[in-house]
Amino acid sequence: MNSKAHFNPKSMKWLISLAVMIVLSAGVIFGSKAIDELANKKYNEHHEPGFTIVSTEAIDIAGYDTASFNVSAVEKALDASGNVVAYIVTGETVGYNQEEPIEMATTVSADGTLVCGVEIIHQNETEYLGVQIQGENFKNQFKGRLLPVVSSADTAKGSTIDVIARSTISSEAVIDGVNNAVDFLGGANLIEAAE
């Protein structure tokens, strides 16, 4: 009987094939992540609006489909020269407390590409959790972000907004309110709809 171990060359081919598959898989994963980050780079950056709002004027929206977008008022925002630089859209969105909607105002650049700010006018979301949508940490995420805005829990293309832990419904309601505002402006032909 032969005491030497028998070497099987086929087992080495299997190990080489496995190593090649692992390297290729890692390359695909990291490569697709790099491509995704490059494609969404513009959405992950903060953009300065480049204008100052000096005054506002109400716009008559009686002839528009406000109900589909839950919009109650629109104002055009003017700079010192009287040029329209943004629109302020007031509307409602439904959060966790479905009986009492969140009332909010969204300021969108006149070209419909940039969120200039978000204000929560009234809300009655859950104490300690949903009420955090009024906090500066949450609202400041919207300033200077390209449209559309998307939840961090979403994989859609857009500027990612981090939802408040354990208050996803309230957070996503505000995100929906911002996107509804720009969709209304696009539908009313005040701006080109953001892509």
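Let me start with a word we will need: a residue is buried when its relative accessible area is under 20%, exposed when that area is over 50%, and partly exposed in between, using a 1.4 Å probe and protein chains only. Now, before we look around, two notes on what is on the screen. This is a predicted model, so local features need a pLDDT of at least 70 and side-chain atom pairs count only at pLDDT 80 or more, while totals for chains, interfaces and linings use all residues. Residues are numbered from 1 along each chain as its sequence is written, and side-chain values use heavy atoms, leaving out hydrogens and water.

Let's begin with the sheet. Six strands make an open sheet in the order E1-E2-E3-E4-E5-E6, with antiparallel pairing. Strands here are DSSP runs of E with at least two residues, helices are runs of H or I with at least four, and both are numbered from the N terminus. Two strands pair if DSSP finds at least two bridges between them. At the edges sit E1 (55–59) and E6 (145–146), each of which pairs on one side only.

Now look at E4. How many of its residues are buried? The count is 7 of 8, so to speak a mostly covered strand. On one side, E4 runs antiparallel to E3, joined by 8 bridges. Along that pairing, Val89 is opposite Thr106, and Glu92 is opposite Glu103. E4 also pairs with E5, again antiparallel, over 6 bridges, and there Thr107 has Gly117 as its bridge partner. E4 and E5 form a hairpin with 4 residues between them, and Gly112 in the turn has a positive phi of about 75°.

Next, please find Ala86, in strand E3. Is Ala86 buried or exposed? Its relative accessible area is 0%, and therefore Ala86 is buried. Contact means heavy atoms within 4.5 Å. Leaving aside neighbours within four places in sequence, Ala86 is in contact with several residues, including Phe51, Ile53, Ala77 and Thr107. Thr107 is 21 residues away in sequence, yet the two C-alpha atoms are 6.6 Å apart in space.

That brings us to the nonpolar core, meaning a set of buried Ala, Val, Leu, Ile, Met, Phe, Trp, Tyr and Cys residues joined through side-chain atoms within 4.5 Å. In soluble globular proteins, nonpolar side chains tend to be buried together. The largest core here has 28 residues, and those touching the most other members are Val74, Val118, Phe142, Val174, Val178 and Leu185. E2, E3, E4, E5 and helix H4 (168–187) each supply at least two of its residues, and H4 gives the most, with 8. Apart from it lies another core of 5 residues, among them Ala86 and Ala105.

Finally, a few backbone details. Most residues other than glycine have a negative phi, and most peptide bonds are trans. Last stop: the peptide bond from Leu147 to Pro148 is cis, with omega near 0°.
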